[in-house]
Amino acid sequence: MSRPVRFNIYQKEADAKTAVSMTEAPEGYTGDGFFTTKLSDVVGLARKNSIWPLPFATSCCGIEFMATMGSHYDLARFGSERVGFSPRQCDLLMVMGTIAKKMAPVLRQVYLQMAEPRWVLSMGACASSGGIFDTYSVLQGIDQIIPVDIYIPGCPPRPEAVLDGFMRIQELVGQESIRRRNSEQYKGLLESYGIQ
Amino acid sequence: MSLTNERIKQRLQEKFGEAVSGFEEQYGMLSFEVPNEMNLKTLQFLYDDEELKFRFLTDLCAVNYPEQEGRELAVVYHLHNLTDNTRIRFKIFTDIKKPDVFTAVKLFSSANWMERETYDFFGVNFVGHPNLKRILNVDEMDYFPLRKEYPLEERTRTDKDDAMFGRGGTMN
Ligand code: SF4
């Protein structure tokens with residue numbers, strides 16, 4: 001006889017109130033039929049819960065990302081159901097895997113094609129620092145060519161780590177001032193990478 | 001197997017006499033050495049000979065022997081006789097200061113990319129090659145990475161503590 005397998009041994013009755021998760025409303029002033037708050041907060045709230053990731057998966061870390069996208073871990077729960085494969089539509093560049101020096105210009109090109117605001121997540125030791133490939137043919141960290149917002153350590157990082165990294169990106173996105181991309185500091189950052 | 005290593009060796013010696021040397025057999029595969037300028041002649045003979053019929057170029061690569069003065073670079077040809085399922089390999093040696101070797105592209109079209117790869121990694125200059133330029137490495141690379149005088153590690157890194165990686169540094 002086959003072994004009885006049963007998931008969800010503590011079954012819960014479906015309840016519409018708890019099944020739908022809502023985000024917290026931003027701080028503001030509520031009155032009769034109106035609500036005032038900062039534009040930045042509203043925009044941040046909308047952005048952070050609808051990030052479109054662009055997976056740039058070149059090797060083993062990409063496999064782990066596929067698990068993250070799969071039903072078990074399900075990145076879609078964080079508002080990223082839509083994985084875009086056109087940089088022009090995406091907000092978040094997820095670089096996963098070894099980037100060979102020959103690949104570097106391609107990665108940079110993809111970054112340049114993304115519209116502002118854009119974020120970059122570097123997953124795994126290879127993308128972050130070259131990892132075990134301390135060799136003449138491998139780029140020693142993508143931050144040599146493009147600015148990176150979040151690094152996920154690991155070789156490969158588990159899907160939980162990817163989710164953690166992703167949630168940190170969400171945090172950044174949610175808190176970002178809508179003026180940041182016009183600031184001198186941000187322009188300086190891009191300039192230091194020779195962009196624009 | 002109808003074609004034995006002894007027979008191959010005999011045919012080669014009948015044809016080229018003393019010029020072929022260094023016969024050895026490793027794991028049943030015959031390997032030998034010919035002078036640098038005889039590589040095409042040897043390939044052609046092995047191809048044309050009705051008995052030997054080595055008509056498939058499996059691989060072409062190079063080896064760097066820095067300690068052998070004047071013959072630092074070896075170019076290795078791996079050949080396959082598909083009829084008798086026999087493989088051989090032969091080497092030519094060249095000086096690293098003037099690594100000129102005749103190209104085998106006219107004989108085997110597949111040598112085109114293999115020679116480019118060998119040029120890319122070892123800097124062997126294949127004389128007569130139609131398009132001798134880098135194939136795998138970035139075009140801007142200004143050295144030949146598999147020559148042993150160059151370190152394998154990426155040299156732009158400053159954050160790695162060599163002592164932690166078992167190179168340089170001291171134990172105390
Ligand atoms: S960090 Fe590890 S798992 Fe990820 S791409 Fe590099 S070698 Fe592969």
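Figure 1. Of the 172 residues in chain B, 23% are buried. The secondary structure of this chain, in a model that is predicted, comes to 3 helices and 7 strands. Read from the N terminus, the elements of chain B follow the order α-β-β-α-β-β-β-β-α-β. Along the principal axes, the C-alpha atoms of chain B fill a box of roughly 65 × 40 × 30 Å. When contacts in chain B between residues at least 6 apart in sequence are considered, 50% join residues at least 24 apart.

**Figure 2. The open sheet of chain B.** The sheet is formed by 5 strands of chain B in the order S1-S2-S5-S4-S3, and its pairing is mixed. Strand S1 (21-26) and strand S3 (56-64) of chain B stand at the edges; each has a single partner strand, so one side of each lacks a neighbour in the sheet. On average, and with direction ignored, neighbouring strands of this sheet are turned by 20° against each other. Within the sheet, strand S4 (residues 73-81) and strand S5 (residues 86-94) of chain B run antiparallel and are joined by 9 bridges. One residue position opposite S5(B) is that of B:Leu73, which faces B:Thr94 in that strand.

**Figure 3. Helices H1 and H2 of chain B against the strands.** Helix H1 (residues 5-16) of chain B lies across S1, strand S2 (29-33) and S5 of the chain. The helix runs at about 20° to S2(B). In helix H2 (residues 39-48) of chain B, the buried residues are B:Asn39, B:Thr42, B:Leu43 and B:Leu46. Seen down the axis of H2(B), these buried residues fall within an arc of 100°, and they therefore line one face of the helix. The strands against which the buried residues of H2(B) pack are S4, S5 and strand S6 (100-102) of chain B.

**Figure 4. Strand S5 of chain A and its parallel partner.** In strand S5 (residues 119-123) of chain A, 5 of the 5 residues are buried, so the strand is largely enclosed by the rest of the structure. In a regular strand the side chains alternate between the two faces of the sheet. Both faces of S5(A) are covered: one side carries the buried residues A:Trp119, A:Leu121 and A:Met123, while A:Val120 and A:Ser122 are buried on the other. Strand S4 (residues 92-96) of chain A pairs with S5(A) in the parallel sense over 5 bridges. In S5(A), A:Met123 stands opposite A:Met96.

**Figure 5. The shell around the ligand in chain A.** The residues that surround the ligand are A:Ser59, A:Cys60, A:Cys61, A:Gly97, A:Thr98, A:Gly124, A:Ala125, A:Cys126, A:Gly131, A:Ile132, A:Cys155 and A:Pro156. Two or more residues of this shell come from each of helix H3 (60-69) and helix H5 (124-129) of chain A. H5(A) gives the largest share, 3 residues. By type, the residues of the shell divide into 7 nonpolar, 5 polar and no charged.

**Figure 6. The contact between chain A and chain B.** Chain B gives 9 residues to the contact, and chain A gives 9 residues. On the side of chain B that touches chain A, the residues comprise 3 nonpolar, 2 polar and 4 charged.

Terms used:
Residues are numbered from 1 along each chain as its sequence is written. Chains are lettered from A and ligands numbered from 1 in the order in which they are written. This is a predicted model: local features need pLDDT of at least 70, side-chain atom pairs count only at pLDDT 80 or more; totals for chains, interfaces and linings use all residues. Two residues are in contact if their C-beta atoms, placed from the backbone, lie within 7 Å. Ala, Val, Leu, Ile, Met, Phe, Trp, Tyr, Cys and Pro count as nonpolar, Asp, Glu, Lys and Arg as charged, and the others, Gly among them, as polar. A residue is near a molecule or strand if its C-beta atom, placed from the backbone, lies within 6 Å of it. Helices (H or I, at least four residues) and strands (E, at least two) are DSSP runs, numbered from the N terminus. Two strands pair if DSSP finds at least two bridges between them. Axes are lines fitted to C-alpha atoms, for helices over the stretch in contact, and angles run from 0 to 180 degrees between N-to-C directions. A residue is buried if 20 or more other C-beta atoms lie within 10 Å of its own, exposed if 12 or fewer, and partly exposed in between; C-beta atoms are placed from the backbone. The arc is that of the directions from the helix axis to the C-beta atoms.
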